[in-house]
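Look it over first, then read the points below by topic.

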Amino acid sequence: DEILYTVKIEHELSEVSFSTWLKPLTVHSIQENTVYILVPSQQMGLNYISKKYTLPIKVAIAEITGRNYDIEFILPDQAQSIEAAQKPAASSLNESIERANLNPKYTFDTFVVGGNNNFAHAASLAVAESPGEMYNPLFIYGGVGLGKTHLMHSIAHFILERNPETRVLYVTSEAFTNELIEAIRNGNNTAMTKFREKYRNIDVLLIDDIQFIIGKESTQEEFFHTFNDLHGNKKQIIISSDKPPKEMATLEGRLRSRFEWGLIADISSPDYETRMAILRKKEELDGYTIDDEVIKYIATNIKSNIRELEGALNKLMAFSNLEKREINVALAEEALKDIISPDEKKEITPQLIIDIVAEHFHIKPEDIKGNKRNSEIVLPRQIAMYLCRDMTETPLKAIGNLMGKRDHTTIIHGAEKITKEIEKSDTMRNTIEVLKKKISPS
Ligand code: ADP
Ligand code: MG
C-alpha cells in the first residue's frame with residue numbers, strides 16, 4: 001500500500017486512475033531481486049499497467065526499502081505456478097535441515113563475530129562456500145559454550161540453502177558412538193552395512209565434540225575408516241573438540257595426524273565488546289529491549305561462557321516476569337546471584353546438572369523438575385537424579401525439593417533405575433560418561 005500511495009503522490013495521479021490501475025495491485029512475493037506484483041485479473045490490462053507503472057513502482061520500492069528490485073507483474077494463474085515452484089523448494093530445504101539434524105536458530109546470521117572467533121568464523125565461511133575443496137577437515141576447538149556447535153550448524157545451513165540436495169549430516173560423537181554400539185550389538189551384517197551406508201553416503205559430515213570418542217577403541221577405529229572414506233572422496237568433514245588435536249592425549253596417532261591435515265581454528269572466550277554485542281543480538285532476536293546498564297552489568301560479570309551469558313539474560317527475563325518487577329540493575333543482581341559469584345571456579349550443583357541434562361536431551365529444565373510422564377522426559381529426569389546423587393554432596397531431600405518437591409525415595413528410585421540401566425546397556429553407559437564430562441570437563 002505504502003508503495004502505491006508513494007507512486008500516487010509523486011506522480012500526482014488522479015483518484016480515478018489510482019483506484020482503477022494501482023489500488024487493486026498487491027505484492028505477491030519477493031524473491032531474491034524481484035518483487036512480484038499480482039494483477040488480480042486479465043481484464044485489468046497487464047500490458048498497460050506494466051508499460052506505464054513499472055518504473056514509478058520500481059522507484060517507490062527503492063525509496064521505501066533502500067534496495068533496487070526488479071519488478072514483475074503476474075496474473076493469478078502465474079501466481080499459482082510461482083507458489084508451486086517455491087513450495088517444494090521451501091519444504092525440501094526444511095526437510096534437508098531436519099534430516100541433517102540442524103537447529104534452525106544456529107546460522108551465520110545469528111552468530112556474532114568478535115576477536116575471539118573471527119578466524120574460526122572466516123574458516124567456517126570459506127568451508128561453507130566450497131565444501132570439500134579447501135580445508136579438509138576443518139577442526140574447530142574451544143571451551144564449553146563458546147559457539148562451536150553454533151558455528152558448525154551455520155556451515156551446514158549455508159550449504160543447504162545454496163543447495164538443499166547436498167547430503168549434510170550433523171551428529172555428536174556421542175550419537176555416532178551409540179549408533180555404532182547398536183549396530184554392533186545387533187550382530188548382523190545388515191546393521192553394520194546400514195551404519196556405514198549412512199555415514200559414507202554423504203557430502204558433508206559434521207561431528208561435534210569428538211573428544212568423547214577418545215578411549216573408545218572400536219568407535220575410533222570405525223571413525224577412522226569413515227574419515228578416510230569421506231576424505232578420499234573429497235567430501236567435507238568438520239570436527240569440533242574441546243582441545244586441539246595435539247593436546248588430545250589418548251587419541252590414536254593416526255587419527256590425530258588426520259585431524260591436522262586440514263585447517264585448525266580455535267574459539268576463545270569473548271572480550272567485553274563481543275559479550276555486549278552478543279547480548280544485544282539476543283535482545284534483538286528475542287524482540288525485547290533491556291536497559292543498557294543491565295546489559296553492561298551482565299557483560300561485565302559473566303566472562304567465560306556464552307551459554308551462561310544467554311542463560312543470565314533468560315533468567316533475568318523469567319525472574320522479572322514471575323515477580324512482575326521492572327528490569328534494572330538491582331533486579332539483575334538479585335536474579336543472578338547464583339550465577340554471578342565472586343569465586344570463578346564452578347561448583348557442581350544440582351541446578352547445573354539439571355541444565356546440562358536438559359540441554360543434552362533438548363528439553364527444558366522445567367520439564368525435568370515438572371510432572372510430565374512421557375518417556376522423553378522421564379528418562380532425562382531419572383538421569384538427572386542419578387547424576388545429582390552421584391556427583392554432588394547435596395542431601396537427597398534437597399535434590400528432591402529442587403526437582404519439583406519430590407520425595408527423597410523418588411530420587412533414590414530414579415537413580416537406581418539408571419544404575420541398573422548402566423549395567424545392562426552400553427549406550428546408557430556412554431551417555432552417562434558423556435554427561436559427566438560435560439558437567440565436569442577435565
Ligand atoms: P559450544 O558448542 O562451543 O559448547 P554453543 O555453540 O552451543 O557452544 O554455544 C552456546 C550458546 O551460545 C548457544 O546458544 C549459541 O547460540 C550462543 N553463541 C555462542 N557463540 C555465539 C556468537 N558468536 N554469537 C551469538 N551467539 C553465540
Ligand atoms: Mg557444542
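Predicted model: local features only at pLDDT ≥ 70, side-chain atom pairs only at ≥ 80, totals over all residues.

**Largest cavity**
- The structure has one cavity of 30 Å³ or more.
- The volume of the largest cavity is about 40 Å³.
- Its lining residues are Thr172, Ser173, Glu174, Asp208, Asp209, Phe212, His360, Val434 and Lys438.
- Two helices, H7 (173–186) and H20 (426–439), each give the lining of the largest cavity at least two residues.

**Confidence**
- Average pLDDT for the protein is 90.
- A pLDDT of at least 70 is reached by 97% of the residues.
- ipTM is 0.99 and pTM is 0.74 for the model.

**Shell around ligand 1**
- The shell around ligand 1 counts 17 residues.
- Nearest among them are Val112, Gly145, Thr149, His150 and Glu310.
- By class, the shell has seven nonpolar, seven polar and three charged residues.
- Helix H6 (148–162) supplies at least two residues of this shell, and so does helix H13 (306–323).

- Asn117 places a polar side-chain atom 3.3 Å from a nitrogen atom of ligand 1.
- Arg307 has a polar side-chain atom 3.0 Å from an oxygen atom of the ligand.
- Gly147 takes part through its backbone: a polar atom there is 3.0 Å from an oxygen atom of ligand 1.
- Ligand 1 taken alone exposes 560 Å², and the protein buries 92% of that area.

**Backbone points to check**
- A cis peptide bond runs from Asn136 to Pro137, with omega near 0 degrees.
- Pro137 sits in the loop that links helix H5 (118–129) to strand E4 (138–142).
- Lys324 is not a glycine, yet its phi is positive, at about 50 degrees.
- The loop between H13 and helix H14 (329–335) holds Lys324.

Key: Residues numbered from 1 in each chain as written. Chains lettered and ligands numbered in written order. Heavy atoms only, no water. Near = heavy atom within 4 Å. Polar contact = N/O pair within 3.5 Å; in protein donor to acceptor, adjacent residues only side chain to side chain. Areas by Shrake-Rupley, 256 points an atom, 1.4 Å probe, with all protein chains shown as cover. Helix = DSSP H or I, 4+ residues; strand = E, 2+ residues; numbered from the N terminus. Nonpolar A, V, L, I, M, F, W, Y, C, P; charged D, E, K, R; others polar. pLDDT = per-residue confidence, 0-100. 1 Å grid on protein atoms, 1.4 Å probe; cavity = no way out; pocket = protein on both sides within 12 Å on 5 of 7 lines; lining within 4 Å. Points joined across faces, edges and corners; volume = space filled by probe spheres on them.
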